[in-house]
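Me: I would like to go through the labels used for this model and see what each one rests on. Please set each value against its cut-off.

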Amino acid sequence: MVFSQKQAISISKLIVLLAVIISAWAWPSLPEDARIAIHFDLQGTADGFAGKTFGLLLMPAIMLGFSTLFSFLPSLEPRKFNLEESRSSYLGVWYVLLLFFLYIHLSIVGLALGLLSSALIGFPQVLSVLFFLLGRQIRSAKSNFFIGVRTPWTLSSEHAWKQANYQAGTLFMVLGILGLTISFFLGQTAIAWIIYGAISIALFAVVASFFYWKNDPKRQ
């Protein structure tokens, strides 16, 4: 089932509202001078802090801004028809990232309230699922300026777009499966491997897109 734009916006509002409710629930339990950890290194050590107001409203604000941007993307897209044809992929990216931000918010609040020992509990698994789902979405996305592997070559060649996005999407799905597997053996150490893997796939996709463009049969 593919939601309409109005339905998609309504669902995103509910997810953002949930984040606000979580902040409102946590608010009375934290002192006014509380220092909330909002940034962490790969070992889960907090290396960035904020006051109570900023710490509890940061992620809801990001989620609201992100949802607002995605709600306007169809009207900003030069290839509007293609984005409309890829509505399931477009909405998939929207919701997957929005839920990922909600997970981060839950981790920040949980740590601030002392309910979690680390903000990175479950992070390798969530990150793996994130890349798997994003990969699944971009594999079938049609040429557009906002989601998928967007390079000068994919945007000027349908052949390069299809090949680069299908392969990158498949590799991200494989990364998700491998990341989920190794996370149960390596724990938080798996985070670095997953991130390095994602960077490698992104670089591969950029380089590959050039060669797909160069070998586009329509350019011969």
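Me: Which residues is asparagine 165 in contact with, leaving aside its neighbours within four places in sequence?

Reply: In this predicted model, asparagine 165 is in contact with Ile138, Arg139, Gly148 and Val149. Contact here means heavy atoms within 4.5 Å. Asparagine 165 itself sits in helix α6.

Me: Why is asparagine 165 called buried?

Reply: Buried means under 20% relative accessible area. Asparagine 165 has a relative accessibility of 1%, so it counts as buried.

Me: Why does leucine 186 count as partly exposed?

Reply: The class lies between the buried limit of 20% and the exposed limit of 50%. Leucine 186 has 40% relative accessibility, and therefore counts as partly exposed. Leucine 186 is also placed in helix α6.

Me: Which residues form the nonpolar patch on the surface?

Reply: Leucine 186 is one of them; the others are Val129, Leu180, Phe184, Phe185 and Trp193. Together they have about 690 Å² of accessible area. Helix α6 (residues 158–186) gives the largest share, four residues.

Me: What makes β1 and β2 a pair of strands?

Reply: Two strands pair if DSSP finds at least two bridges between them. Strand β1 (residues 36–40) and strand β2 (residues 46–50) have four bridges, in the antiparallel sense, so they pair. Isoleucine 36 stands opposite alanine 50 in β2. Five residues lie between the strands of this hairpin, and glycine 44 takes a positive phi near 90°.

Me: How many aromatic pairs does the structure hold?

Reply: The structure holds twelve aromatic pairs. In one, the rings of phenylalanine 66 and phenylalanine 70 have their centres 4.6 Å apart and their planes at 35°. Planes under 30 degrees apart would be stacked and over 60 edge-to-face, so at 35° this pair is tilted.

Me: Why are phenylalanine 66 and phenylalanine 70 separated by about one helical turn?

Reply: They are four residues apart in helix α2 (residues 52–76), which means a separation of about one helical turn. Phenylalanine 66 is buried because its relative accessible area is 14%, and phenylalanine 70 is buried at 7%.

Me: Why is the pair of phenylalanine 100 and phenylalanine 123 called tilted?

Reply: The ring centres of phenylalanine 100 and phenylalanine 123 are 6.1 Å apart and the planes are at 40°, so the pair is tilted. Phenylalanine 100 lies in helix α4 (residues 87–112) and phenylalanine 123 in helix α5 (residues 123–138), so the pair ties together parts 23 residues apart in sequence.

Notes. Residues are numbered from 1 along each chain as its sequence is written. This is a predicted model: local features need pLDDT of at least 70, side-chain atom pairs count only at pLDDT 80 or more; totals for chains, interfaces and linings use all residues. Side-chain values use heavy atoms; hydrogens and water are left out. Patches are made of residues with over 30% relative accessible area and no salt bridge: like charges are joined within 9 Å, nonpolar side chains (Val, Leu, Ile, Met, Phe, Trp, Tyr) within 5 Å. Accessible areas come from the Shrake-Rupley method with a 1.4 Å probe; for residues, only the protein chains shown count as cover. A salt bridge is a side-chain nitrogen of Lys or Arg within 4 Å of a carboxyl oxygen of Asp or Glu. Helices (H or I, at least four residues) and strands (E, at least two) are DSSP runs, numbered from the N terminus. Buried means under 20% relative accessible area, exposed over 50%, partly exposed in between (1.4 Å probe, protein chains only). Rings of Phe, Tyr and Trp (its six-membered ring) pair if their centres lie within 6.5 Å; planes under 30 degrees apart count as stacked, over 60 as edge-to-face and the rest as tilted.
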